[in-house]
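Have the viewer open while you read.

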2 protein chains.
Amino acid sequence: MSDTQTVARYKVHFMPDDVAVTVNRGDNLLSIALAAGVHINASCGGNGLCKTCKVKLSSGDVDGGGQEKLSAEEYDQGIRLACQSLILSDLIVIIPPESRLDKAVQADERKKSAGLAASAWRFNPPIKKYYLDLPPATLKDNANDLFRLMWGLKQSYDLHDIPINFDVIRKLPFALREKDWKVTVTTTVISSRPHTKTKITPKIINVEPGDTRDRLYALAIDVGTTTVCAQLLDLNRGKVTAETITFNKQISYGADVITRIAYSQKPGGLKKLQQVVVDSINIVIDELLKQSGVDRHDICQITVAGNPTMQHLLLGLDPKYIRLAPYTPNANFVPSVKAADLGIKLGEQVYVFTFPSISSYVGGDIVSGVISCGMHQTKKLTLYIDIGTNGEIVIGNADWMATASCSAGPAFEGGGIKHGMIAVKGAIEDFAFDPLTMEPHIKTIAGVPPRGICGSGLINTVAELLEYGLLAQNGKFNTSVFSPRIREGEDGFEYILAHAPETQIGRDIVITEVDIDNLIRAKAAMYAGCHTLSHSVSIDIADFEQVILAGNFGNSLNIERAITIGLLPDIPRERFAFIGNGSLSGARLVNFSNDMLNAARKVAQMMTNIELSENNDFNNNYVAALFLPHTDGRLFPSVMEKLSSSKNNSRSK
Amino acid sequence: MSDTQTVARYKVHFMPDDVAVTVNRGDNLLSIALAAGVHINASCGGNGLCKTCKVKLSSGDVDGGGQEKLSAEEYDQGIRLACQSLILSDLIVIIPPESRLDKAVQADERKKSAGLAASAWRFNPPIKKYYLDLPPATLKDNANDLFRLMWGLKQSYDLHDIPINFDVIRKLPFALREKDWKVTVTTTVISSRPHTKTKITPKIINVEPGDTRDRLYALAIDVGTTTVCAQLLDLNRGKVTAETITFNKQISYGADVITRIAYSQKPGGLKKLQQVVVDSINIVIDELLKQSGVDRHDICQITVAGNPTMQHLLLGLDPKYIRLAPYTPNANFVPSVKAADLGIKLGEQVYVFTFPSISSYVGGDIVSGVISCGMHQTKKLTLYIDIGTNGEIVIGNADWMATASCSAGPAFEGGGIKHGMIAVKGAIEDFAFDPLTMEPHIKTIAGVPPRGICGSGLINTVAELLEYGLLAQNGKFNTSVFSPRIREGEDGFEYILAHAPETQIGRDIVITEVDIDNLIRAKAAMYAGCHTLSHSVSIDIADFEQVILAGNFGNSLNIERAITIGLLPDIPRERFAFIGNGSLSGARLVNFSNDMLNAARKVAQMMTNIELSENNDFNNNYVAALFLPHTDGRLFPSVMEKLSSSKNNSRSK
């Protein structure tokens, strides 16, 4: 009789986590692992379909194990599907790397590793959840609730004496009792110190009733002068759950950082600018939640990268002295602040981590981009260029870095361009002539009828017009060449990219000489910046072993065409890699890996800033670059050769 | 010509601070020391009057030095008055201990050391100010403002990589530039961790333009169930600048912690109770500032000690489970919180440190009292009794401590007593019969006409009435003894302490049988608590080598009379020491000494709590003690002898 009530108990030891638990005979191995806080992938939810939960038995045996889904070789090696395994004995279970991390992370990183620019990092989010099933308080054990929580963290996770936020203490009695002394504790290791020497210990930022470990999300946000780009990240699965972009509402108060700073000095200006960028962030959050169906309360952390002015304004720091000589930022490092304190509509416990900055014009977005491309890990002499309203350049490698910034204006993000727009659905991102008919082929993002033109579209169009001789090297239309699409408009000559009936906006979409002039100024500033910074440390542009391009261009920055217009140097094409929005990538990676968070702080400390704003070389280089591709054709030999070749000549016939 | 422009430069090395500075010939030694952050007392402000700034020259010489104010012996030993010394050479200056700390601190502590109960501690406030004269930002050195500040702290004070609060960063640019890059930085080492194992590093909580080092004040506050007592402390001079007391406005919502907790569970109740105790604190702050003329912004820190319910309510923590079995507090440790967040009207940078607690009914006030009397430093077996609305008892010594609490009711603080009042001006604090005329002599606080009677007055009166036979051991008036002052009133028989014309209130001040009954219940609970706790660890009350009494009685708790009524055990009188408001003393000491702050955390961790509330021994002991002095006269041999002696008998004749 009593036999039927006795269930055998076995010990299961998970490696390399080194977590041991005692379980009942017949328990499911995957469930046991999850309950013990040991992560095993299980994309299909434990139905034996996805085969992501493979583990290896080092000793002991299980019932089932998914033999029919494994190769004979695997099975013989002790490989089992955890979700299909019922425990029959003491076990030592080895969880192989591929089961420890969702495939999505690996795929994402494998894709990047295929190119030049990829960081090596391990999945180790700075924010973590710990599940506790605590013994209830009794008269014999009526320790205070906080002590019980701390005791549990020590017993179950060997976490000792970690700091705890006051508001967590305040809600603790109710969290503990709501689900019968079962709670989930959230910790983060986000820093309150400027330097990297001191080890950062985790602190407790939240406690929730029950087991909420499966809901752990974070936001990565790039706050640009023109746009706010954001990703919703699933920290359990290491993947991007949703992604969106919107305009930075501060645009209404000035197109560039200088006019924003000027506005911030008006009465109420700083508060207003903070409020509207927070509005923009709240808009992207709403959109990400809508896309994903994730609950607002399950977002546990935000990382934000932006240029120094953007980060100052978001935090409500006065950027006054960024604009005034000698150009001192308030702070290059700011401890994490509560999102709710800034007006961001997320849980009270959520902190905002902003990237450390370098100077008044080289900010957290650059630090973020540099770590995202692995420049801090390579020996290769690297040129990193972030193309945007403010252009930033970093040169160096793992051993040293120097940086400079230059004001390019908003053309690369579609600003100051008649039909300019950001790189979203409906933006013309590519342009090419049919060599026979000379009719333009335009390509829009998502393939829908065009609404306007984004930065990459602009570069591609100008390069193509130049190559086909419709545009002269001074940026003016070659009116001696007949084209039915060239006409005189309000802003001088313009080229019709799409006729009204083909568009979403019901008007002709054109590119004007004013647009082209803005693009030339922008590319001239970028090129002059690279040239001046390199020469300041006696490096010739041709010496760079890799050139990393970042910028919010969508997926289609065409290196060849960017060289054609003189934005990028005319060096072997295989040295270039385009990483897209590097700032956003870095903001994502620090959510996935605490190592990357530390790398960001180290990179910020190692960079030397070179001021270009009062530099004569820069001014000379800038003026010389106000031409397509450059006034000194010898710097762009392949472009000059091309411009004198068939396409161009064919039109001149 | 050029000679007159050359000023000789000398090196001055201060010991034991080990601070070296380079100065000009003729500089004043005291000014140099202060500028270098080396503290030398100078009570008279550097006028050569107070002779507190004596230093010893180990090498080198000065002009002046105050020879006429020093003995020949002193002068020969190299003693000089720093304020009268002009530097003439390189110097090694030794600052003797008596010049390192204001005399006031020493006097205060010397006074205490004369008695049994005094803590040994060194003057080392957890909050400190550092003065910086920073190099201005230039184009060649345009580091961010935060970096400049951190660099200065490292250069001048060897402070590395310390955390800084976000709001300090935010105001930094303006603080730096307001007084030409001269600022004062405030740091504190107040903790955010429950345990003592981890070293607490200082953090920056404020920055002010110019040199504000001479203005560094703190508040020590005892938040009692009935009263709020506070001292304003000058942390430069280690002295109490002002002191005051007021009722805890929560009294309107219940006389004891249980009724307060009940009120807190009503809608809005917790918020209301928090608000009114904060009101009371704001009242004492206003009064302290008025008394002292100190500026509100120069208060840099608050330490608060109170029982667990008082600390919960002040912090807005829900005390719900303190009242419900198994009696679990929300937290026995709470990180420091911003005073402004609680509604306390002080600068944004001010933190409130609340003492760690032990259990639901033994709180930070007890931990504070224990460290103030040095119980944690002695080998003597000690009984510590805090007499108040809630009575708490601690037994043990430096090696171990056990504690218990019992509800005494508010009688000791004048609560539930017809003319009861707290121990302030006009309260009857002492009472004695003229042995010849049998007319009572009453003594009031400050010697003004009486307004009511405080706890000590009540004890003294009941003891005297008992000794003179006007009161029977059961607490009823002995109506067989004639006294023109005994009459029947609304609440049964009563004794007239002062007739209406002699009072401030224009009514007879009386003590009633109901008052006496309340006092008996209160003293019975205290005595039963001591008895039960001692016996629970097999200690006889007679074994205690010292008995420390704390309580808010003003200066006149009469040990002999407290024994007479059976409040205190009948053991040799020289073992008793009355320390007054120990809770307030401890709150003062942690402001003066970081060591005491650490001691408080250690004491809180070492105490074992014994629950009396469901303890049968306690109930039996309580009932047995509902008599004057006790139903078991053998426990009070000297009292029994006294009661059967002359005074008593003389009346019975």
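What follows covers the chain interface, then a helix pair.

Keep in mind that this is a predicted model. Chain B and chain A bury about 4100 Å² between them, and the contact takes 47 residues from chain B and 47 residues from chain A.

**The interface between chain B and chain A**

- Carbon and sulfur atoms account for 60% of the buried area.
- On the chain B side, B:Asp161, B:Phe166 and B:Asn330 supply 16% of the area buried against chain A, more than any other three residues.
- Polar contacts do turn up: 19 residue pairs across the interface, both residues at pLDDT 80 or more.
- Helices H5 (145–157), H6 (166–178) and H10 (320–323) of chain B are the elements that give two or more residues to the side touching chain A.
- H6(B) gives the most to that side, with seven residues.
- By class, the chain B side splits into 25 nonpolar, twelve polar and ten charged residues.

**A helix pair in chain A**

- Helix H12 (residues 364–373) and helix H16 (residues 582–592) of chain A pack at an angle of about 75°, with their axes 7 Å apart.
- That angle makes H12(A) roughly perpendicular to H16(A).
- H12(A) brings A:Asp365, A:Ser368, A:Gly369, A:Ile371 and A:Ser372 to the contact, while the residues from H16(A) include A:Gly582, A:Ser585, A:Ala587, A:Leu589 and A:Val590.
- Sorted by class, the contact of H12(A) with H16(A) has four nonpolar, seven polar and one charged residues.

Methods. Residues are numbered from 1 along each chain as its sequence is written. Chains are lettered from A and ligands numbered from 1 in the order in which they are written. This is a predicted model: local features need pLDDT of at least 70, side-chain atom pairs count only at pLDDT 80 or more; totals for chains, interfaces and linings use all residues. Side-chain values use heavy atoms; hydrogens and water are left out. Axes are lines fitted to C-alpha atoms, for helices over the stretch in contact, and angles run from 0 to 180 degrees between N-to-C directions. Helices (H or I, at least four residues) and strands (E, at least two) are DSSP runs, numbered from the N terminus. Angles under 35 degrees count as roughly parallel, over 145 as roughly antiparallel, 65 to 115 as roughly perpendicular and the rest as oblique. Contact means heavy atoms within 4.5 Å. Ala, Val, Leu, Ile, Met, Phe, Trp, Tyr, Cys and Pro count as nonpolar, Asp, Glu, Lys and Arg as charged, and the others, Gly among them, as polar. Buried area is the accessible area (1.4 Å probe) that two parts lose on being put together, summed over both. A polar contact is a pair of N or O atoms within 3.5 Å; within protein, one must be able to donate a hydrogen and the other to accept it, and residues adjacent in sequence count only if both atoms are side-chain atoms.
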